[in-house]
Amino acid sequence: MSLKVTPEKFRKSVVKLYSAILREGRKWPHSPSRRRRSLVTAIPFIVRNKFREAQNEPDAEKARQLAKTGAEELLAMKRLISNQHMNAYPLTKTFMPKVQEKAGEILADDNQDRIEKKSYGATFRLMNWILGKPQEADPADQVVLPGRRAPEQPANKTK
């Protein structure tokens, strides 16, 4: 004997699931150095887009499967936020603290802003060309690799 859930009850349970996921997302730890690129700011957008994609699912079984997947994601998020794994298996010592510190510096918003202003060769120029961004002179183009000749520079004519 299987219990049938009415569409209205199913809808209410999905709305509750949506709210619960957003509430858990707000509990995610903040990183002051990564204000614009943290999961705290990304989770609401990701959740909203996923729920909007599944909103008009005509197949009831597929909708139930999506809701089940959402509930599993909520449980995984709760485990991550509560640090359940680290409590069960604590580290006895910190591995590579200098690497962790350097990674934090590299991922900080200020450093990422500086990196985005630089160009990184052919791939970067190709992406900019595809996206229609203006081309700037790349200092990396002026580097002469061993075994290669320097590009000829136009002669300066000054009188």
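## Glutamate 24 and its contacts

Leaving aside neighbours within four places in sequence, glutamate 24 is in contact with Leu74, Met77, Lys78 and Ile81. Contact here means heavy atoms within 4.5 Å. The model is predicted: local features need pLDDT of at least 70, side-chain atom pairs count only at pLDDT 80 or more, and totals for chains, interfaces and linings use all residues. Residues are numbered from 1 along each chain as its sequence is written, and side-chain values use heavy atoms, with hydrogens and water left out.

Glutamate 24 sits in helix 1. Helices (H or I, at least four residues) and strands (E, at least two) are DSSP runs, numbered from the N terminus. Is glutamate 24 buried or exposed? Glutamate 24 is buried, because its relative accessible area is 8%. The cut-offs are these: buried is under 20% relative accessible area, exposed is over 50%, and partly exposed is in between (1.4 Å probe, protein chains only).

## The chain as a whole

The protein chain has seven helices and zero strands. Along the sequence, its pattern reads α-α-α-α-α-α-α. The chain holds 159 residues, and 14% of them are buried.

Now take contacts between residues at least 6 apart in sequence. Of these, 62% join residues at least 24 apart. The protein chain exposes about 14200 Å². Carbon and sulfur atoms supply 58% of that area. Accessible areas come from the Shrake-Rupley method with a 1.4 Å probe; for residues, only the protein chains shown count as cover.

## Two salt bridges

How many salt bridges does a search of the whole structure find? The search finds two. A salt bridge is a side-chain nitrogen of Lys or Arg within 4 Å of a carboxyl oxygen of Asp or Glu. Glutamate 24 forms one with lysine 27, and the closest N and O atoms are 3.0 Å apart. Glutamate 24 counts as buried because its relative accessibility is 8%.

Glutamate 61 forms a salt bridge with arginine 64. Here the closest N and O atoms are 3.9 Å apart. Both residues lie in helix 3, three residues apart, which is about one turn of the helix. Arginine 64 has 38% relative accessibility, so it counts as partly exposed.

Leucine 75 is found in helix 3. With a relative accessible area of 48%, leucine 75 is partly exposed. Leucine 75 and glutamate 24 are 51 residues apart in sequence. In space, they are 9.7 Å apart, C-alpha to C-alpha.

Arginine 23 belongs to helix 1, which covers residues 7-26. Its relative accessible area is 44%, so arginine 23 is partly exposed. Arginine 23 is 21 residues from proline 44 in sequence. The C-alpha to C-alpha distance between arginine 23 and proline 44 is 9.5 Å.

## The largest pocket

The largest pocket has a volume of about 1100 Å³. On a 1 Å grid over the protein atoms alone, a pocket is an open set of points where a 1.4 Å probe fits, with protein on both sides within 12 Å along at least five of seven lines. Lining residues have an atom within 4 Å of a point. Grid points are joined across faces, edges and corners, and a volume is the space filled by probe spheres set on the points.

The lining of the largest pocket has 37 residues. Val14, Lys50, Phe51, Ala54 and Leu66 lie nearest the centre. Helix 1, helix 2 (39-55) and helix 3 (60-82) each supply at least two lining residues. Which helix gives the most to the lining? Helix 3 does, with twelve residues.
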